[in-house]
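Here is a short tour for anyone new to reading protein models. Have the sequence and the 3D view open while you read.

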Amino acid sequence: MVWLELLSDYTFQNVVIGASLLGLISGPLGCFAVLRRQSLLGDAISHAALPGICLSFIITGSRDIGGIIIGSLITGSAAALIMLMLTRLSRLKTDAALGACLSIFFAVGIVLLTYIQSTNNASQGGLEAFLFGQAAATLRSDLWVMGSITLVTLLLLAVFWKQAKLVTFDAEYARTLGMPITVIEASLTAMVALAVVVGLQMVGVILMAAMIVAPAAAARQWSRHLGGMLTIAAGVGIVSGVSGATISTLSRGLATGPLIVLTATAIVLISLALAPGRGLLWGVIKHYRQKSALQKQQLLYALYKHSADPSCAPSTLGSRRMLNKLKQQGYLTRSPRGATPSDGGWGLTAQGQAEARRVIAAFEELAS
Amino acid sequence: MAIFNPTDTALSIKNLTVSYHNQPVLWDIDLDIPAGVMAGIVGPNGAGKSTLIKSLLGLVPSLSGEVMVHGRPYATQRKRVGYVPQRSSVDWDFPTTALDVVTMGLYGRLGWLKRPGRKERHEAQEALEMVGMSALAERQISQLSGGQQQRVFLARALVQQADVYFLDEPMAGVDATTERAIIDILRRLRDAGKTLIVVHHDLQTVRTYFDWLLLLNVRVIASGKAEEVFKIDHLRQAYGGQIALLNDNESLMFSASKVK
């Protein structure tokens, strides 16, 4: 009953649809940003959106989403351009240029924000909500704008898929094929700016970078193809958007944006740990399997080589546990009666001898 | 042995100058490479070998210079030129397969909107077979060894079916078996009339691999048929005193200390 009530709630509908749209656009575009090693560019663009938001308010005198989008796109792109120019023309490295741009633009934004607040304009109420987002204030009309941006961006990606992929993987090679890589790279960056704009209302300028990076980072763990990575990233974005929005609504009062980001982060952590092949857990398991396989081979080898010479003590060879394990597997026998102090009575069965010969053959083949 | 046809020039460079931070990297390069040869570009570190290839392909801006491929400006001849970049120039953790990377070689031919289909995948598979990698077509590129990655790059250029190939240190960091395999493929291409221009750093193998040589150190030190260029005087000029060379055919044996 609670769910039915929730689903028919107008605000909740808006928030969930908005969060889904955000996931749908930030996931796929985040993949390109992450693969091009520009994940922090999203951070710079989103922080630099703040002065744009304030300027648009000063000029138009209202919180109209159209003006805010245009304003944030202009200052966001300006920050990205200045950053690229700084790295090209000066000796500043990317991280330094990025840090400088991000903080300067953000500082200007905060100054403008406090200026607007000091003018006591009645309609300015809640402009600071763009810092951390205010999902509940999302209007149906905002959703239409967000939806159109998402649709156009994803369509562009689908049409120029080949170009986007090759430029991301190997831009220089793309140029030798005659692709206009500057245009393609600039478009990809512009699309990241669009994704940021879509997220301003939901998660705000400060946390938006997480929505660019997190779904892509999680998706990389599970995917073998770029297309798969984009699809999974979109899925992760939508799931974290919807669950963040739901948790926020059910808990009455916890901020939506940060909850969305936290959900996405949880998915990243799970992916980093568990994803088959690339996950940390997988790596640990593989390491122990290899170690134990090697131990077994060594033991069999030593027992086989030194069986004629009991004075070469197998008891020095290693753990009792491994010996017992091999006994269970039928490779070893133990005859307590024939036990000498040195070898503990361990001996190879026929099966064990065959396995040892196989190990030795494989080893010699490897060495040759 | 390749047939030298003096009337057909695969690559012709005039007055090429490239500078980086006001420092000339390449100075007034004039060069003609005949068609159907395997040409080596050799020189010390920082001589501008890779920069030469990159500026020819328009990847590095040049101050001046004119590049003609088979008698026409490079910009109009892109489809006849294949490029094998250094293996380290890309991130091999990119989520894709060997076959997909090779298919990328066909993107130029496909134009803006057309997508690679069954025909393109088939061609890519054939190129992988040529470099002995057909069994690994569906392998993630991050799981390939260095030599296998180099072969994938080679296959990506092969699938372009170009006439002139530029290769940037294809033998760097690969094992002897792969080097052998790569050289065999390049020789087959040359025998089919293609021109191969290879940046190479190992002086010991220069004479056996190449039939045409460019000795480079910012300027052209010498260029022409390998046996005429690969001479001790030229090498000294290119490498200064830092050269130690063993060659059992001629008595080109001297140590760094003997060279003044």
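Start with helix 4 of chain B, which holds both B:Lys119 and B:Glu123, four residues apart, or about one turn of the helix. Keep in mind as you look that this is a predicted model. The two side chains form a salt bridge, with their closest N and O atoms 3.5 Å apart. Are the two partners buried or exposed? B:Glu123 is buried, at a relative accessible area of 16%, while B:Lys119 counts as exposed at 56%.

B:Glu123 also meets B:Arg109 in a salt bridge, at 3.1 Å from N to O. This pair links distant parts of the chain: B:Arg109 sits in helix 3 (residues 107–110) of chain B and B:Glu123 in helix 4 (residues 118–130), 14 residues apart. B:Arg109 is partly exposed, with 41% relative accessibility.

## A buried pair

Now find B:Asp211 and B:Arg190, whose salt bridge brings N and O atoms to 2.8 Å. B:Asp211 lies in the loop between helix 7 (206–209) and strand 9 (212–217) of chain B, and B:Arg190 lies in helix 6 (residues 176–191), 21 residues away. Both B:Asp211 and B:Arg190 are buried.

Over all chains, the whole structure has 15 salt bridges.

## Chain B as a whole

Zoom out, and chain B shows nine helices and ten strands. Of its 260 residues, 53% are buried.

## A nonpolar patch

Which residues form a nonpolar patch on the surface? They are A:Val152, A:Leu156, A:Val159, A:Phe160, B:Trp112 and B:Leu113, with about 550 Å² of accessible area together. A:Phe160 belongs to the loop between helix 7 (140–159) and helix 8 of chain A. A:Phe160 is partly exposed, with a relative accessible area of 32%.

## Chain A: domains and confidence

Chain A splits into domain 1 (9–276) and domain 2 (281–367). Their centres, taken over C-alpha atoms, are 58 Å apart.

The average pLDDT of chain A is 86, and 91% of the residues score at least 70. Confidence is highest in helix 8 (residues 161–169), at a mean of 94, and lowest in strand 2 (residues 346–348), at 74. Over residues 310–314 of chain A, pLDDT stays under 50.

Terms used
Residues numbered from 1 in each chain as written. Chains lettered and ligands numbered in written order. Predicted model: local features only at pLDDT ≥ 70, side-chain atom pairs only at ≥ 80, totals over all residues. Heavy atoms only, no water. Helix = DSSP H or I, 4+ residues; strand = E, 2+ residues; numbered from the N terminus. Buried < 20%, exposed > 50% of the residue type's maximum accessible area, 1.4 Å probe, protein only. pLDDT = per-residue confidence, 0-100. Contact = heavy atoms within 4.5 Å. Domains from an automatic or database assignment. Patch = residues over 30% accessible without salt bridge, like charges linked within 9 Å, V, L, I, M, F, W, Y side chains within 5 Å. Areas by Shrake-Rupley, 256 points an atom, 1.4 Å probe, with all protein chains shown as cover. Salt bridge = Lys/Arg side-chain N within 4 Å of Asp/Glu carboxyl O.
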